[in-house]
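Take a walk through this fold, from the overall layout down to single residues. Keep the structure in view as you read.

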Amino acid sequence: MADRLASLPQFAGIDIVTLTGRDDDATKDAVMARFASGEAPLLVSTTVIEVGVDVPQASCIVVFDADRFGLSQLHQLRGRVGRGGTPAWAFLISRADPGSVAERRLDVVRATMDGARIASADLEMRGAGDVVGDAQSGLRSGFKLLRVVADAQTIRDARKDAERLLDDDPGLESHVQLAGAVVDFSRASETALLGA
């Protein structure tokens, strides 16, 4: 990408620097110093800049293949510009088909700057994975009847009830069946974690 940009007449004479997660710390520091000072006003980077980069005068970011990123990640990337109070632009470039899930996901980022709403929509669209098991992402879930986002209040209420129950009966002596279910669940989780 840096080579392509450098070959365009509109970028003639403009210093372009690159940054990836594979660069060593000294290289990263040198590249960011040149970018932050304005010596090299164009940075071509991987998502290594997603968090922790604060260049107040950065005013434009272009994310190619934006439909391949998580919505929260796109929100973080967009947050790298406009930090100094000047107008800023974030261009999310995508080849997503009209009406596709990918296009609907990008519409969420376009429609709001509220990170909590974006994260909630991302979770709803991608699925929570197996939040009580060992699968970390995707549509499969250990819950048979609950949906993590849609039933969030039910889950919060259940957690409060469980905390109250454990405060009153820490050993679950009055709840023998529940104690047995906890032991079974713990053994199954241990087996999954240890690969036994």
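Buried residues are those under 20% relative accessible area, exposed ones are over 50%, and partly exposed ones lie in between (1.4 Å probe, protein chains only). By that rule, 23% of the 196 residues of the protein chain count as buried. The model is predicted, so to speak of local features requires pLDDT of at least 70, side-chain atom pairs count only at pLDDT 80 or more, and totals for chains, interfaces and linings use all residues. Residues are numbered from 1 along each chain as its sequence is written, and side-chain values use heavy atoms, with hydrogens and water left out.

Start with the layout. The protein chain has 7 helices and 4 strands. Helices (H or I, at least four residues) and strands (E, at least two) are DSSP runs, numbered from the N terminus. From the N terminus on, the order is α-β-α-β-β-α-β-α-α-α-α. Contact means heavy atoms within 4.5 Å. Among contacts with a separation of 6 or more, 49% join residues 24 or more positions apart.

Next, the largest pocket. A pocket is an open set of points on a 1 Å grid over the protein atoms alone, where a 1.4 Å probe fits, with protein on both sides within 12 Å along at least five of seven lines; lining residues have an atom within 4 Å of a point. The largest pocket holds about 890 Å³ of space. That volume is the space filled by probe spheres set on the points, with grid points joined across faces, edges and corners. The lining has 28 residues, and Leu43, Val44, Cys60, Ile61 and Val62 are the closest to the centre. Strands β2 (42–45) and β3 (60–63) each supply at least two lining residues. By class, the lining divides into 21 nonpolar, 6 polar and 1 charged. Here Ala, Val, Leu, Ile, Met, Phe, Trp, Tyr, Cys and Pro count as nonpolar, Asp, Glu, Lys and Arg as charged, and the others, Gly among them, as polar.

Most residues other than glycine have a negative phi. Asp65 has a positive one, near 55°. Asp65 is partly exposed, at 31% relative accessible area.

Now look at a helix pair. Helices α3 (residues 71–78) and α5 (residues 115–126) pack at about 150°, with axes 8 Å apart. Axes are lines fitted to C-alpha atoms, for helices over the stretch in contact, and angles run from 0 to 180 degrees between N-to-C directions. The two helices are therefore roughly antiparallel, a label for angles over 145 degrees. Leu71, Ser72, His75 and Arg78 in α3 meet Gly115, Ile118, Ala119 and Asp122 in α5. This contact has 3 nonpolar, 3 polar and 2 charged residues.

Arg105 sits in helix α4 (residues 101–111). Is Arg105 buried or exposed? Arg105 is buried, at 9% relative accessible area. Beyond its neighbours within four places in sequence, Arg105 contacts Asp67, Phe69, Gly70, Leu71, Asp122, Met125 and Arg126.

Finish at Leu172, in the loop between α6 (152–168) and α7 (176–194). Leu172 is buried, with a relative accessible area of 9%. Its phi is positive, near 55°. Leaving out residues up to four places away, Leu172 touches Leu165, Leu166, Leu178, Ala179 and Val182. The C-alpha atoms of Leu172 and Val182 are 9.8 Å apart.

Note on methods. Parallel < 35°, antiparallel > 145°, perpendicular 65-115°, else oblique.
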